[in-house]
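Take a look at the model below.

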Amino acid sequence: MNITKPFLIFTFVISFFSLIMAGVNAQTKEDDKVQSLGDILNPQEDDDGLSKVKNAKDMANVYYKKCMKEKSLAFDKDEKEILCACTSAKIGSVITVKEFKHLYEDSYKGKDIRGKVIAYAYTDCMGYVIKDKLLKDCKVSPTVKKIVTGKNAVCKCAVNNYKITVDKSTAYIIMQAIKYDPMTLNPLEHYFTTNDYGYLFEKNVENCYSRMLYDKYN
């Protein structure tokens, strides 16, 4: 039996959740929630229609609205919109309406459901924004800024090479993002704002430039 990549990612995500949560809320049952007096006296308004979700279309609309409200330091508006729209379009085929109600909860059930969304919906959408993100970062790279001719060739090489690295590191990227923010539904946000990414990608650009010079003079 073939084990698909999303299934492996989902397995890693859930295993990781179990490890980081072990002992943190061991004394708390999964669905035990105590409302504060403030919540009882001043109930919060429905957040983007979450309580009114009845079908896949409703799930997509609510997910998209909440996704677009999240601030991003990694993606511009267009990239963010592509990622949010793509994931929202797939979410109805990944989780049920009942599960969606728990998607934004800080609970074991919520983490399990977020793991499914990330593994089976979000990861399918990553490719639509990664190349665009890498290309934009390449164009403002210190190495590329010093190049007089051949900028496009260097960036094409850098983007293609580094995308392979990202694709191979999907599970690691997700694990690190969850470790940093257990509530995240956008693991790439954390990855693209780390110093590790900035350093590794710049080294990748430098390697492509060196290769271009070598090919030119040899």
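How are H3 and H4 oriented to each other? This is a predicted model, in which local features need pLDDT of at least 70, side-chain atom pairs count only at pLDDT 80 or more, and totals for chains, interfaces and linings use all residues. Residues are numbered from 1 along each chain as its sequence is written, and side-chain values use heavy atoms, with hydrogens and water left out.

Two packed helices are described by the angle between their axes and the distance between the axes. Axes are lines fitted to C-alpha atoms, for helices over the stretch in contact, and angles run from 0 to 180 degrees between N-to-C directions. Helices here are DSSP runs (H or I, at least four residues), numbered from the N terminus.

Start with helix H3 (residues 56-69) and helix H4 (residues 77-91). They pack at an angle of about 155°, and their axes lie 8 Å apart. H3 and H4 are therefore roughly antiparallel to each other. Angles under 35 degrees count as roughly parallel, over 145 as roughly antiparallel, 65 to 115 as roughly perpendicular and the rest as oblique. In H3, the contact (heavy atoms within 4.5 Å) includes Met59, Ala60 and Tyr63. In H4, Lys80, Glu81 and Cys84 are among the residues they meet. The residues of this contact of H3 with H4 divide into 9 nonpolar, 2 polar and 3 charged. Ala, Val, Leu, Ile, Met, Phe, Trp, Tyr, Cys and Pro count as nonpolar, Asp, Glu, Lys and Arg as charged, and the others, Gly among them, as polar.

H4 also packs with helix H6 (residues 108-125). Here the angle is about 135°, with the axes 8 Å apart. H4 and H6 are therefore oblique to each other. Leu83, Cys86, Thr87, Lys90 and Ile91 in H4 meet Val117, Ala121, Tyr122, Asp124 and Cys125 in H6. By class, that contact of H4 with H6 has 7 nonpolar, 1 polar and 2 charged residues.

Next, helix H7 (residues 127-139) and helix H12 (residues 195-217). Their angle is about 75°, and their axes are 11 Å apart. H7 and H12 are therefore roughly perpendicular to each other. Leu134, Asp137 and Cys138 in H7 meet Tyr197, Phe201 and Val205 in H12.

Now the pocket. Which element gives the most to the lining of the largest pocket? H3 does, with 4 residues. The lining residues divide into 11 nonpolar, 5 polar and 9 charged.

How values were computed
Helices (H or I, at least four residues) and strands (E, at least two) are DSSP runs, numbered from the N terminus.
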